Amino acid sequence: MTDLAAVKAALKTQAVETPSWAYGNSGTRFKVFAQAGVPRTAQEKLEDAAKVHEFTGVAPTVALHIPWDEVEDYGALAKFAEDRGVRVGAINSNTFQDDDYKLGSICHPDAAVRRKAVGHLLECVDIMDATGSADLKLWFADGTNYPGQDDVRGRQDRLAEGLAEVYERLGDGQRMLLEYKLFEPAFYTTDVPDWGTAYAHCLKLGPKAQVVVDTGHHAPGTNIEFIVATLLREGKLGGFDFNSRFYADDDLMVGAADPFQLFRIMYEVVRGGGFGPDVAFMLDQCHNIEAKIPAIIRSVMNVQEATAKALLVDREALAEAQVSGDVLGANAVLMDAYNTDVRPLLGEVREEMGLDPDPIAAYARSGWAEKIVAERVGGQQAGWGA
C-alpha cells in the first residue's frame, strides 16, 4: 500500500525551475506574436516568475539565458530575485544567434570562432559565480547540412576540447549540463544529436558533467523513460527540459501532448532515486498563443500531477507481479496509479502549504495580469529574437 502522508511530504519538496525566456514573446519560425504586459527586462521576467512561485509554491528558481538576460550587475540581479522570493537557477548559454556561428560554434572549423564561443561559455561561468547559480546548461546548434561539408570526427574532437576547457573552469558545487537534440538547425549531422553522444562526452569530462533530457528532442517513438532510467543508473542524469511535442521540437506545455509519457518518465525518476535536488526539473517552453504566466503555472501543475501519480504507484505490488511474471497484473498496477485523479490530493497539499488549492484561479483573482498590462507600456518587449 502507498503511504499518502509520505506522498504528500514528497510533493511539498518538489521544485520546478521556470525559464526566463518563457515569459517573453515567442512564436514560430515565421512569426513572433507579441502580447500586452510581456516583460521588457530581466527584472520584469523575475517578477513574473515570482508570481508563478507565489501561487504554486514549487517554482523557486528561474533559469537565465545569456545574452537575452544580460545586465550590468548580476549580483544585483540575484539580489532582486531573492527579494521577490525566488533565486537564479541555471545559466543557459547562446552560441546560435551570431553570424559567426553559421558553420558552428565550438565545433566550427575556424579556431577564431571556436575561441569566441568558448569565451562566451566561460563568461557564463563568471555569471554563475556572481549569481550563485550551480548549473551551466549547454545546447549547441552545431552541425552540418550536407555530406562532406566538414569532418564529422574532427568536429567531435573540437567539441571535446572546448567542453574540457569550460569544465576545468567550473568551481566547487557547479555542474555542466549538456543537452542533446536530434536535429534542427543542422539537418545532415548534429554534433550532439542524442543521449549517447552527450553521455560519452560527460563521462570523459568527469563527475561535474551530466546530461539534460529535453522531452521534445527525440525521434517519434523513442522510449524516453528508458533513457531516463539508464542515465539515472549511471549517475549521469543532470536534469530535464520539460515540454511536449507532436512532431518535432514543438516546445508545447509539458504533458499537453502525451501526459501518459510524462507519467512514465516520472515513475522512472521516482524509482531510480532521481526525485531530489540532484536532478533539475526545468521547463523549456515557448508559449506562442497562450498567456504566458497562466501557461507556466499550468505546466508546473502538470509536472506535479504526473509526479503525484508516479509516487502513488504501489511499488511492492508491482515488484511482486514482475517477479511472478504477471504481465497484466504489473501493467494494472501502473495503470491504477495513472488513472487516479490526483487533483484533490494536490489541492490538499497546497492548502497545507498555505496556498490556494487552484493556482490558476488564484492568479486570475490576483490582478497581476491587469497590472502588468497597464504598467508595461513602451520600451522593448523581451523575446528570443526569431
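Visitor: Why is A209 called buried?
Guide: Buried means under 20% relative accessible area, exposed means over 50%, and partly exposed lies in between (1.4 Å probe, protein chains only). A209 has 0% relative accessibility, so A209 counts as buried. The model is a predicted one, in which local features need pLDDT of at least 70 and side-chain atom pairs count only at pLDDT 80 or more, while totals for chains, interfaces and linings use all residues. Residues are numbered from 1 along each chain as its sequence is written, and side-chain values use heavy atoms, with hydrogens and water left out.

Visitor: Where is A209 found, and what is it in contact with?
Guide: A209 belongs to strand β10 (residues 209-214). Helices (H or I, at least four residues) and strands (E, at least two) are DSSP runs, numbered from the N terminus. Contact means heavy atoms within 4.5 Å. With neighbours within four places in sequence left aside, A209 is in contact with Y167, M176, C202 and K236. The C-alpha atoms of A209 and G238 are separated by 8.0 Å, and these residues are 29 apart along the chain.

Visitor: What makes D83 and K79 a salt bridge?
Guide: A salt bridge is a side-chain nitrogen of Lys or Arg within 4 Å of a carboxyl oxygen of Asp or Glu. The closest N and O atoms of D83 and K79 are 2.9 Å apart, so the pair meets that rule. Both residues lie in helix α3 (residues 74-83), four residues apart, about one turn of the helix. K79 has 45% relative accessibility and therefore counts as partly exposed.

Visitor: How do you know that R115 and E165 tie together separate parts of the chain?
Guide: R115 forms a salt bridge with E165, with the closest N and O atoms 2.8 Å apart. R115 lies in helix α4 (residues 111-131) and E165 in helix α5 (residues 152-169), so the pair ties together parts that are 50 residues apart in sequence. R115 is partly exposed, at 43%, and E165 is partly exposed too, at 34%.

Visitor: Why does K181 count as buried?
Guide: Its relative accessibility is 7%, so K181 counts as buried. The side chains of K181 and D249 meet in a salt bridge, 2.8 Å from N to O. This pair links distant parts of the chain, 68 residues apart.

Visitor: How many salt bridges does the rule give?
Guide: The count comes to 29. R40, E44, E47, D48 and R376 are linked in a network of salt bridges.
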